[in-house]
Amino acid sequence: MKVNLAVYWTGGCGGCDVSFLELGPNLLGVLSRVEIVFWPALVDTKREDLERLPPRSIDFALVNGVIRTAENREMAELLREKTKFLGAYGACAHLGGIPGLANQAHGILESVFGPNFRPAPPIEGYPEDAPAQVLFEALPLEDVVSVDFVVPGCPPPAGLVARFFQAALEGQISLGQVFAEEKALCEECPRKREERRITRVARPHEVLLDGEKCFLDQGVVCMGPVTRAGCGAACPKAGMPCTGCLGPTPKAGDPGLAMLSALASLVRAGEEGEAAFPEEDKILDGFVDPIGTLYKYAFAKYARSLAQLTKRREGMRA
Amino acid sequence: MSGFEPRIVAFLCRWCAAAGADLAGTSRLQYPPNAIPIRVNCSGRVEPQWVVEALKAGADGVLIGGCHPGDCHYVVGNYKTRRRIYLLHKLLADMGIEPERVRLAWVSATEGARFAQGMREFLAELKRLGPLHENGGEK
Amino acid sequence: MKKILIDPITRLEGHGKILIYLDEAGKVKDAFLQVPELRGFEVFCRGRRGEEMPQITERICGVCPEAHHLASAKALDAAFHAAVPRAARLQRELFYNAYIFSDHLLHLVFLGGPDLLLPEDVGKAERNVVGVLRRFPELGRRVIEVRASAQKIVELIGGKAIHPVFALPGGVAKPLSQEAKTTVAGIAEQLVELGKTMVQVFHEEILPRPEFQALLLSEEGWLPTHYMGLVDENLAPNFYEGQVRVVSAQGNELFRLPGEQALKRVAEHWEPWTYVKFPYLVDFGWQGFRAGLDSGIYRVGPLARLNVAEKMATPLAQEEYERLLDFFGEKPVHATFAYHWARLIEMVQAAETVVRLVQEPELVGQEVRGKLGKPGEGVGVVEAARGTLFHHYLLNEQGLVEQANLIVATTHNAPGIGLSVKQMAAALVERGELDEALLNRVEMAFRAYDPCLACATHFLPGGIPVAVEIYDGQGKLVRRIAN
Ligand code: SF4
Ligand code: SF4
Ligand code: SF4
Ligand code: FES
């Protein structure tokens, strides 16, 4: 019997939708075994077709993208109602992703729109045709509906997508499953690790990058130690540090704070001691844009509530 | 902010800062009772996660008390802590949270007065900053 | 008044709604393409590390991340006053042409393909990629294979097939290995072969169909606007670099300028009923939603590039280009459905360019990073598959982003898309019933542009509208709603 599948894209970039194509020739095999009941990027079924389905009639739904508008939330809720197993597909749905960085900028959102801005319908008399309200926050999927499993990545690497389909077609998905490794990315990274001592924080464009050495040994922040393995260390192999798209290992928890802690341990300015403090501080000052670096994909999930304390308290700040 | 009593979580190294706090207590030195002390084996054990958790959970400020440079029982624990807090300050500032809400203090076991004084200063600082939570932290 | 709603518009990249309002007599009163998505990139890019921008902005769109990646890198090259070494430039250009090929192919077969390859009476359950694969199993299989090869090139150079990571200000992260080059050389020829097959399929399966010819020549598919695109020094289209050329609806050159100057000739108009903005040429000003010689509305993308160019850059593409010009007998070609044909021609040029570039010995050169100066301001412009893409950054002295402004392809096309949708809706309603196939026609008008709404929704509308104005076909204000 075929497995029913729905795919939907909320506030994302579409890369997750396209990532299915990266299955290449295996895609045909997958397509022959699933029945696509709803997938706006590929088939002409509309929202009302989805609304007509009985509850829990879809076997698997994969939602990608961040929850950014009221409409995104409604669609996520609708899919939740119609689906047995609902998964967060990709970093946006899983962690808030890069659009989740917008949570840092609420004050700006408000100041751009002005306090009285209301989206309007194109023609008077059709209030329902105003564009969907933009939510105050950009949320990971789990903040609006319960999520049964996660296929992580930005977008999920083909190998992990294949792993998901295999499990789905065999009916072998467990609640809470994350389709990536529990071990850290460093364990699948071919780069050579030496002492891991940072004597200078360097940004990738500032230094000529050594192709063989661990980035941390070169002073370049790499999220490998706190990120799940599963992509084959794609970025370090391509000459750039990992920025954490597969999300944190279970051990790391909050990836930004875990990495911050790791960096603090690695920084050295000669002999440790009071005499080295000013020099250490200088090294640490080379570390800029902490939010963008530590929470490139995970800001909405891990740091949003903290960042909002101040915003809520002081009202909107530009 | 009249009537605002800041809530403080204090992670205190048991070899020094916690002992200093005890001394302040037994010497009847006046220091405000706003802090919830948590003893740890070394300031180096205090994870940034704990500090942030305390702030999220309702604290207006977090104090980390460790041994003076050179005195850490684990030799370098307090140096690591210092660097962590230095970075954490940057992160908090980036999030729009005043870094002054997280304070690192070196306190030895014999410095009861210094501990009391440091606490009073921190408290004054937090009063000046006002509550971290919108409703003063009440849920 | 009656309303027809198509929601969501399927088989395109992003979210969109088409709203059609009819008057008492049942005629189309007005039609709108609404984009109800918004993510706010320009706002949260502020404060980010400049060198991260190629990786951050590409998350605007997962269909054309390569375009954002390189537009961003080029803006950074300029902001850091860096000269890109030849080896790095070749890597970027090769990567970029492989992307154009792959993206165009994706649209021709999977997204727009169902409109082109399947008869119109095919039901909606079949009118999709699965339907295409069922009817053209051999072709479908090859397309999937060759697209995978093109993506392999993108991945070998870019590091990841979707959301590549290799570009840095002044160059790329690492030299290309000899091994990778050999792999690319081994698959490049397939791209050209498939390009030829697609041309053949087009001439055998698509062009001869009377419905398609009718669409190509139809009045509702004819929209006279100005056109914008990048050209090289021979006035052939170049996707990766060149000057921005704009020609008028009559075909004469309005300007040909480097990106940073061309950007100054474009301004944007907003409406409160959509989160996409509407660019126009400042020389003409915003004249409302209407096409024509004195309107400021212009279009970008495959057809626009062919209209601004005088020829193609490669031989097979040139042959097909001439066939297109013969068919229409005039230039600029204003037929919206010719976008598909133009896409095919460009796909061939991209494939031929891949083959040429992979033969360059310097492709594997070791020097891939140019020297950087102090960070400042920079504009980067490329031709994304869907049209001209501008990235404009201001960096502070630490190299952090102070301001980012992006104008993406679908945004340039937003006014044109809206007009095409309305024209199509009006014509169909005029002729009678609105059934499912006819609704699909409206979407077809829209899909001809291969619009990427993910791209178009990156921004925040700026400013607070005080009034909504609706214009009729003559540019007369018919309604004004103040908020
Ligand atoms: S997770 Fe990445 S690829 Fe997927 S929608 Fe978000 S930005 Fe795009
Ligand atoms: S830190 Fe980065 S470069 Fe180093 S081993 Fe881990 S993943 Fe590889
Ligand atoms: S290396 Fe890191 S950022 Fe790159 S794909 Fe893997 S997990 Fe994602
Ligand atoms: S033992 Fe007191 S700080 Fe380490």
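These legends describe close-up views of a predicted model. Local features need pLDDT of at least 70, side-chain atom pairs count only at pLDDT 80 or more, and totals for chains, interfaces and linings use all residues. Residues are numbered from 1 along each chain as its sequence is written, chains are lettered from A and ligands numbered from 1 in the order in which they are written, and side-chain values use heavy atoms, with hydrogens and water left out.

**View 1. The parallel sheet of chain B.**
Four strands make an open sheet in the order β2-β1-β3-β4 (chain B), and the pairing is parallel. The edges are β2 (35-40) and β4 (102-106) of chain B; each has a single partner strand, so one side of each is left without a neighbour in the sheet. Neighbouring strands of this sheet are turned by 20° against each other on average, direction ignored. Strands (E, at least two residues) and helices (H or I, at least four residues) are DSSP runs, numbered from the N terminus. Two strands pair if DSSP finds at least two bridges between them. Strand β1 (residues 8-13) of chain B runs parallel to β2(B), joined by six bridges. B:C13 has B:V40 as its bridge partner in β2(B).

**View 2. A helix across the sheet of chain B.**
Helix α2 (residues 48-57) of chain B lies across β1, β2, β3 (61-66) and β4 of chain B. This helix runs at about 150° to β3(B). Contact means heavy atoms within 4.5 Å. Axes are lines fitted to C-alpha atoms, for helices over the stretch in contact, and angles run from 0 to 180 degrees between N-to-C directions.

Rolling a probe the size of a water molecule over the atoms shows where empty space is left. A cavity is a set of points, on a 1 Å grid over the protein atoms alone, where a 1.4 Å probe fits but cannot get out; lining residues have an atom within 4 Å of a point. Grid points are joined across faces, edges and corners, and a volume is the space filled by probe spheres set on the points. The count comes to 18 cavities of 30 Å³ or more. The largest cavity holds about 230 Å³ of space. Its lining has 20 residues, with A:D17, A:V18, A:L21, A:L42 and C:L106 nearest the centre. At least two lining residues each come from α1 (15-19) and α2 (26-33) of chain A and from α4 (86-111) and α6 (129-135) of chain C. The largest share, three residues, is supplied by α4(C). By class, this lining has 17 nonpolar, one polar and two charged residues. Ala, Val, Leu, Ile, Met, Phe, Trp, Tyr, Cys and Pro count as nonpolar, Asp, Glu, Lys and Arg as charged, and the others, Gly among them, as polar.

**View 3. The second largest cavity.**
The volume of the second largest cavity is about 170 Å³. Among its 20 lining residues, A:P204, A:V221, A:T293, C:R49 and C:E51 lie nearest the centre. The lining divides into eleven nonpolar, four polar and five charged residues.

A residue is near a molecule if one of its heavy atoms lies within 4 Å of it. Ligand 3 lies between chains A and C. Residues around ligand 3 include A:C231, A:C235, A:C242, A:C245 and C:K160. The shell of ligand 3 has seven nonpolar, three polar and one charged residues. Around ligand 2 are, among others, A:C186, A:C189, A:C214, A:C222 and A:R191. The shell of ligand 2 has eight nonpolar, one polar and three charged residues.

**View 4. The antiparallel sheet of chain C.**
An open sheet of three strands has the order β12-β13-β14 (chain C), with antiparallel pairing. At its edges, β12 (377-384) and β14 (401-407) of chain C each pair on one side only. The twist averages 15° from one strand to the next. Strand β13 (residues 387-395) of chain C is joined to β14(C) by six bridges. C:H392 stands opposite C:N405 in β14(C). Helix α3 (residues 65-79) of chain C lies across β12 and β13 of chain C, at about 150° to β12(C).

**View 5. A hairpin and backbone details.**
In chain C, β7 (residues 243-247) and β8 (residues 253-257) pair antiparallel over four bridges. They form a hairpin with five residues between them, and C:G251 in the turn has a positive phi of about 100°. A cis peptide bond joins C:K331 and C:P332, with omega about 0°. Another cis bond joins A:C154 and A:P155, with omega about -10°.

How values were computed: 1 Å grid on protein atoms, 1.4 Å probe; cavity = no way out; pocket = protein on both sides within 12 Å on 5 of 7 lines; lining within 4 Å.
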